[in-house]
Amino acid sequence: LGFGAVFSTFQLIGLLFLPESPRYLFKNGNSERAARVLSTLRPPGYDTSAELSEWRANINDEESNLSFKEIFESHSIRASLALGCGVQCLQQFAGINTVMYYSASILQDAGFGGSDSICCCAKDAIPIWLSISTATAQFVGVLIGQYLSDSWGRRPLLLSSCLAAALFLGLLGTGFLLQDKESNGSQSLTLVALLGYLVAFGWGLATIPWTLNGEIYPMKARAKCATLASMCNWMSNFIVSGSFLTLTDTKLKTQGTFWLLGSIAIIGFFWLLVAMPETKGRTLNEIADIFQNLSGEPHESYTPLANENAMRTPLVVNNSESDEKLEGLLEPFSGEKLKGLLEPFRYIQTSIICNNICKICIYI
């Protein structure tokens with residue numbers, strides 16, 4: 001347990017070099033320093049003055065934080081909050097932490113470790129060593145998501161991740177069904193399905209819920225809405241991880257439990273197909289307009305960016321463009337300015353990559 005202090009120390013050292021948020025600096029009157037920090041977070045040549053102009057135009061919204069009562073009275077904010085909380089719950093109810101917390105137990109139940117020692121490794125330790133592959137598989141999935149982030153939107157990545165995760169959860173349950181029938185190949189199927197699930201989860205469900213919750217709320221409600229969404233995530237984590245072993249001891253057994261989690265992922269896919277708009281390449285004001293369109297609320301006026309026309313994609317609620325990309329019609333971004341809008345997505349993916357590297361080190 002004390003080994004965790006090593007990574008905590010690295011984090012503490014890193015925090016010493018972490019700059020203040022440029023928005024925080026700007027709100028507190030330090031616009032020059034905010035511009036310097038912002039320039040380090042954007043690609044070379046990116047015009048930060050336009051983004052600072054938008055902040056200046058919306059400074060009143062950032063200072064007038066809404067109460068919880070006002071948040072729930074607003075149809076558009078309530079719609080975005082439902083989406084934000086929903087994707088956080090879906091992330092957990094798709095079963096990720098049951099696999100991460102109980103990977104060694106799952107592999108042992110699948111039959112690994114029941115034979116003689118392999119490669120100088122005691123038979124009881126085989127599931128533990130194999131569980132290293134779980135963190136590695138999710139690490140690979142996040143790398144895939146980062147590679148595709150410039151050509152796919154949030155919506156196609158998350159939808160494809162849900163479908164693939166559901167498929168591999170179904171195969172994982174089938175592997176345990178074959179294990180009960182003592183069929184040959186059940187161990188291989190279980191291991192492949194487990195790794196496939198983690199790769200699929202990594203490219204979408206691991207990162208998009210956090211990215212989405214940083215984009216869909218207006219500034220005057222962002223702090224409270226993000227807090228509620230994070231609370232939903234951890235409450236769902238508690239429910240799923242606390243009930244997993246209990247469910248495997250019921251009539252569902254292990255295979256039925258994984259089929260149940262796969263069914264939730266499929267339900268989540270169809271819900272997102274209807275409820276989730278594409279937010280890639282859009283400014284915060286454009287995203288707010290999307291939810292106002294969906295709720296029928298009148299639009300709040302704002303001052304557009306000087307180079308907004310060069311940065312944004314057409315403001316439509318129709319998701320046909322994302323659906324085409326989901327089918328494989330991918331078109332890469334062109335221009336550094338538009339790529340700058342994707343930087344927060346890259347930072348979240350990078351942090352999850354670091355998280356998985358630390359998991360691999362701890363397992364070893």
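This is a predicted model: local features need pLDDT of at least 70, side-chain atom pairs count only at pLDDT 80 or more; totals for chains, interfaces and linings use all residues.
Start by selecting Arg154 and Glu215: their side chains meet in a salt bridge, 2.5 Å from N to O. Now colour by secondary structure. Arg154 belongs to helix 12 (residues 154-180), while Glu215 sits in the loop between helix 14 (208-213) and helix 15 (219-248), so this pair ties together parts that are 61 residues apart in sequence.

Zoom out for a moment. Of its 364 residues, 47% count as buried. If you draw contacts with a sequence separation of 6 or more, 79% of them come from residues 24 or more positions apart. The accessible surface is about 17800 Å², and carbon and sulfur atoms make up 62% of that.

**Next stop: the other salt bridges**

How many salt bridges does a search of the whole structure find? The count is 3, and you've already seen the one between Arg154 and Glu215.

Select Arg42 and Glu51 next. These two form a salt bridge whose closest N and O atoms are 2.9 Å apart. Are they buried or exposed? Glu51 is buried, with a relative accessible area of 11%, and Arg42 is buried as well, at 16%.

Then jump to Lys69 and Glu73, which meet in a salt bridge at 2.5 Å, N to O. Look down helix 6 (residues 68-73) here: Lys69 and Glu73 are 4 residues apart in it, which means about one helical turn separates them. With the surface on, Lys69 counts as exposed at 58% relative accessibility, whereas Glu73, at 49%, counts as partly exposed.

**Into the core**

Hide the surface and show nonpolar side chains. The largest nonpolar core has 59 residues. To get your bearings in it, pick Leu83, Tyr197, Leu205, Phe258 and Leu272, the residues with the most contacts inside this core.

Stay on Leu272 and bring up its neighbours. Leaving aside residues up to four places away in sequence, Leu272 touches Leu83, Val87, Leu90, Arg155, Leu158, Leu159 and Cys162. One of these, Leu83, is also on the list of residues with the most contacts in the core.

There's a second, separate core to visit, too: it has 7 residues, among them Phe26, Val37, Leu38 and Trp55.

**Along the annotated segments**

Time to colour by record. The unreviewed UniProt entry annotates residues 126-145, 157-178, 190-213, 225-245 and 257-276 as "transmembrane region". Select 225-245 first: this stretch is 100% helix and 0% strand, with its end C-alpha atoms 32 Å apart. Now try 257-276, where the chain is 95% helix and 0% strand and the end C-alpha atoms lie 27 Å apart.

**Last stop: a greasy patch**

Phe3, Val6, Phe10, Ile13, Leu16 and Phe17 form a nonpolar patch on the surface, and together they have about 700 Å² of accessible area. For a closer look, click on Val6, which lies in helix 1 (residues 4-16). Val6 is partly exposed, with a relative accessible area of 35%.

Conventions
Residues are numbered from 1 along each chain as its sequence is written. Side-chain values use heavy atoms; hydrogens and water are left out. A nonpolar core is a set of buried Ala, Val, Leu, Ile, Met, Phe, Trp, Tyr and Cys residues joined through side-chain atoms within 4.5 Å. Buried means under 20% relative accessible area, exposed over 50%, partly exposed in between (1.4 Å probe, protein chains only). Contact means heavy atoms within 4.5 Å. Patches are made of residues with over 30% relative accessible area and no salt bridge: like charges are joined within 9 Å, nonpolar side chains (Val, Leu, Ile, Met, Phe, Trp, Tyr) within 5 Å. Accessible areas come from the Shrake-Rupley method with a 1.4 Å probe; for residues, only the protein chains shown count as cover. A salt bridge is a side-chain nitrogen of Lys or Arg within 4 Å of a carboxyl oxygen of Asp or Glu. Helices (H or I, at least four residues) and strands (E, at least two) are DSSP runs, numbered from the N terminus. UniProt positions are given in the numbering used here, feature names are shortened, and annotations may be inferred rather than shown by experiment.
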